[in-house]
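Dear colleague,

Please find below the structure that I would like to hand over to you.

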Amino acid sequence: MNEQQLFNQRLPSKASIGILSRVHKTCLQFTPAPINRYLHRLGNRLTLLVVALVSVLTFCTAFLVINIMDDILLHSMIQRGAASVYAIAAAAGYSINTTDQQAIDNLVYKGKRAQDNLIYVAILDNSHQALAHTHTERRGTTIPRLYGEQIQSDGQLRVTRVQRANDAAYEFTLPINFAGQQVGEVLIALSPQSLIEARNLAHWRILFIA
């Protein structure tokens with residue numbers, strides 16, 4: 001016996017379907033009209049209820065997935081920023097201690113080139129004066145510490161969402177240590193634009209699938 005014959009055996013026969021149809025019609029004939037109308041309305045309401053429940057479940061799941069995706073994208077951006085700030089801080093201590101201005105400027109230049117979404121990089125001394133800054137006019141000026149919404153604090157690394165010079169940014173600050181003493185601080189700022197674009201793209205895709 002081939003697969004087609006087995007499949008045909010599992011299907012209900014036309015005679016069975018005809019018997020069920022006649023039984024259904026007979027039940028409708030002997031059931032009072034008000035009850036038929038009530039059962040019809042009840043069936044429609046149950047259908048609408050099931051559709052509503054499935055829709056609510058689908059979009060609740062989509063909302064949960066969107067929140068998880070937002071956290072993943074933010075964590076990815078924080079990791080990139082942390083990698084940059086740790087690399088600069090590790091190399092800047094000796095240059096600050098030896099007052100090697102060319103080396104300090106080179107660290108800021110390389111740090112800015114490492115990521116496209118970096119707004120600025122600054123190396124500060126302990127009085128918060130800029131020893132080097134991607135905006136060269138800010139060198140020698142005091143860079144005030146801004147206190148915004150703290151996104152993450154991991155040991156000495158601090159990530160804060162701030163508003164500086166009318167631009168929203170995620171600022172990463174990390175002390176620069178040399179020979180067991182703090183000799184300065186690294187300050188970098190990442191633009192939120194790439195994060196916003198990635199979030200919007202993910203949101204639309206998830207909602208479209210939902």
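**Overall picture**

Of the 210 residues in the protein chain, 29% count as buried. Please keep in mind that this is a predicted model. The chain holds 5 helices and 6 strands, and from the N terminus on these elements run in the order α-α-α-α-β-β-β-β-β-β-α. Among contacts between residues at least 6 apart in sequence, 48% join residues that are at least 24 apart.

**The nonpolar cores**

In soluble globular proteins, nonpolar side chains tend to be buried together. Which residues of the largest nonpolar core touch the most other members? They are Ile123, Phe172, Ile176 and Ile188, out of 27 residues in that core. At least two residues of this core come from each of α3 (33-97), α4 (101-114), β1 (118-124), β4 (157-164), β5 and β6. The largest share, 9 residues, is supplied by α3. There is also a second, separate core of 8 residues, which includes Tyr120, Leu124, Ala130 and Ala169.

Isoleucine 188 deserves a look of its own. Leaving out residues up to four places away in sequence, Ile188 touches Gly81, Ser84, Val85, Ile88, Leu118, Tyr120, Val121, Tyr170, Glu171 and Phe172.

Alanine 89 lies in helix α3. Is this residue buried or exposed? Its relative accessibility is 9%, and because the limit for a buried residue is under 20%, alanine 89 counts as buried. Apart from residues up to four places away in sequence, alanine 89 touches Leu174, Pro175, Ile176 and Val186.

How many cavities of 30 Å³ or more does a search of the whole structure find? The search finds 1. About 30 Å³ of space lies in the largest cavity. The residues that line this cavity are His128, Pro144, Arg145, Leu146, Arg164, Glu171, Thr173, Glu185 and Leu187. By kind, the lining divides into 3 nonpolar, 2 polar and 4 charged residues. Strands β5 (167-178) and β6 (181-190) each supply at least two residues of the lining.

One of the lining residues is glutamate 185, which has its place in strand β6. Glutamate 185 has a relative accessible area of 7%, so it is buried.

- Threonine 99 is placed in the loop between α3 and α4. Its phi is near 50°, a positive value in a residue other than glycine. With 66% relative accessibility, threonine 99 counts as exposed, because the limit for an exposed residue is over 50%.
- Alanine 179 lies in the loop between β5 and β6. Its phi is near 55°, again a positive value in a residue other than glycine. Alanine 179 has 71% relative accessibility and so counts as exposed.

Where does leucine 207 lie? It belongs to helix α5 (residues 193-209). Leucine 207 has a relative accessible area of 36%, and is therefore partly exposed. Setting aside its neighbours within four places in sequence, leucine 207 is in contact with Phe59 and Ile66. Leucine 207 and phenylalanine 63 are 144 residues apart along the chain, and their C-alpha atoms are separated by 8.5 Å.

With kind regards

Notes. Residues numbered from 1 in each chain as written. Predicted model: local features only at pLDDT ≥ 70, side-chain atom pairs only at ≥ 80, totals over all residues. Heavy atoms only, no water. 1 Å grid on protein atoms, 1.4 Å probe; cavity = no way out; pocket = protein on both sides within 12 Å on 5 of 7 lines; lining within 4 Å. Points joined across faces, edges and corners; volume = space filled by probe spheres on them. Helix = DSSP H or I, 4+ residues; strand = E, 2+ residues; numbered from the N terminus. Nonpolar A, V, L, I, M, F, W, Y, C, P; charged D, E, K, R; others polar. Core = buried A, V, L, I, M, F, W, Y, C linked by side-chain atoms within 4.5 Å. Buried < 20%, exposed > 50% of the residue type's maximum accessible area, 1.4 Å probe, protein only. Contact = heavy atoms within 4.5 Å.
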